[in-house]
Amino acid sequence: MGHPGSVESLVRQVSRQVRHRRAEHWAIRGAFWGAVAGAVVLLLKTLLGVWALPVAVALTLAGALAGAAYGFAKGVAAPDAARLADRAFGLEDRVATALEWAKRPDRTPLVDALVADAAARVTALPRRRVVNRIVPREGRLLPVPVVVALVLVLAPPVPFPSGQLPDFS
C-alpha cells in the first residue's frame with residue numbers, strides 16, 4: 001500500500017496557498033477601508049492639526065494589517081483543500097477520497113489500492129500554484145481614496161462653519 005503522506009502533504013500545500021491568497025485579498029480590502037477612513041481624517045485636519053497625516057497613514061496600514069490577519073486566520077478545511085487539489089490537477093476526486101479513507105481502520109483491499117493509487121499520482125504531480133489571485137472590488141477602487149487623500153494633504157484645511165454671522169465691517 002502507498003503511503004498517504006504525500007496526499008496529506010499536497011493538502012497542506014493547497015491549504016497554505018488558500019490562506020496566503022485570502023490574506024492578500026483581505027489585506028487589499030482592509031487597505032481600501034483604511035484609506036477611506038484616512039481620507040475622512042484628512043478632511044477633518046483642522047481639528048487634528050499636524051497629527052492628521054500620521055493618523056491617516058496609520059489607519060491605512062492598520063486596515064491592511066487587520067485585513068491580512070483576518071484572511072490568514074480563516075481556516076481551510078482539509079476536505080475543501082483536497083477537492084480544490086483534485087479540481088486543479090484533474091485527479092477526479094482521488095485526493096479527497098484517499099484523504100477520507102486513509103485514517104479509517106475498516107479499509108478493504110480495494111480501498112488500500114485506491115489510497116496507493118492516489119499517493120502514486122500525487123507524488124508524480126509537479127508542484128505549482130493551485131489558487132489564483134483574485135483582486136477584490138475594493139482593489140480596483142483603492143486608488144480613489146488614495147488620490148483623494150493626496151489632494152487633501154496638499155490642499156489647505158477645510159474651514160468649518162463657526163455658527164455665527166460673518167463680520168462685514
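Trainee: Where is Gln-13 found?
Mentor: Gln-13 sits in helix 1. Helices are DSSP runs of H or I, at least four residues, numbered from the N terminus. This is a predicted model, where local features need pLDDT of at least 70 and side-chain atom pairs count only at pLDDT 80 or more. Residues are numbered from 1 along each chain, and side-chain values use heavy atoms, without hydrogens and water.

Trainee: Why does Gln-13 count as buried?
Mentor: Its relative accessibility is 16%. Buried means under 20% relative accessible area, with a 1.4 Å probe and protein chains only. So Gln-13 counts as buried.

Trainee: Which residues does Gln-13 touch, not counting those up to four places away in sequence?
Mentor: Arg-127 and Arg-128. Contact means heavy atoms within 4.5 Å.

Trainee: What makes helix 1 roughly antiparallel to helix 3?
Mentor: Helix 1 (residues 5–43) and helix 3 (residues 52–73) pack at about 155°, axes 6 Å apart. Angles over 145 degrees count as roughly antiparallel. Therefore helix 1 is roughly antiparallel to helix 3. Their contact has 17 nonpolar, 8 polar and 2 charged residues.

Trainee: Why are helix 4 and helix 5 called roughly antiparallel?
Mentor: Helix 4 (residues 78–89) and helix 5 (residues 94–102) pack at about 150°, with axes 7 Å apart. That angle makes the two helices roughly antiparallel to each other.

Trainee: Which residues of helix 4 and helix 5 make the contact?
Mentor: Helix 4 gives Ala-78, Pro-79, Ala-82, Arg-83 and Asp-86. Helix 5 gives Arg-94, Val-95, Ala-96 and Leu-99. By class, 6 are nonpolar, none polar and 3 charged.

Key
Axes are lines fitted to C-alpha atoms, for helices over the stretch in contact, and angles run from 0 to 180 degrees between N-to-C directions. Angles under 35 degrees count as roughly parallel, over 145 as roughly antiparallel, 65 to 115 as roughly perpendicular and the rest as oblique. Ala, Val, Leu, Ile, Met, Phe, Trp, Tyr, Cys and Pro count as nonpolar, Asp, Glu, Lys and Arg as charged, and the others, Gly among them, as polar. Buried means under 20% relative accessible area, exposed over 50%, partly exposed in between (1.4 Å probe, protein chains only).
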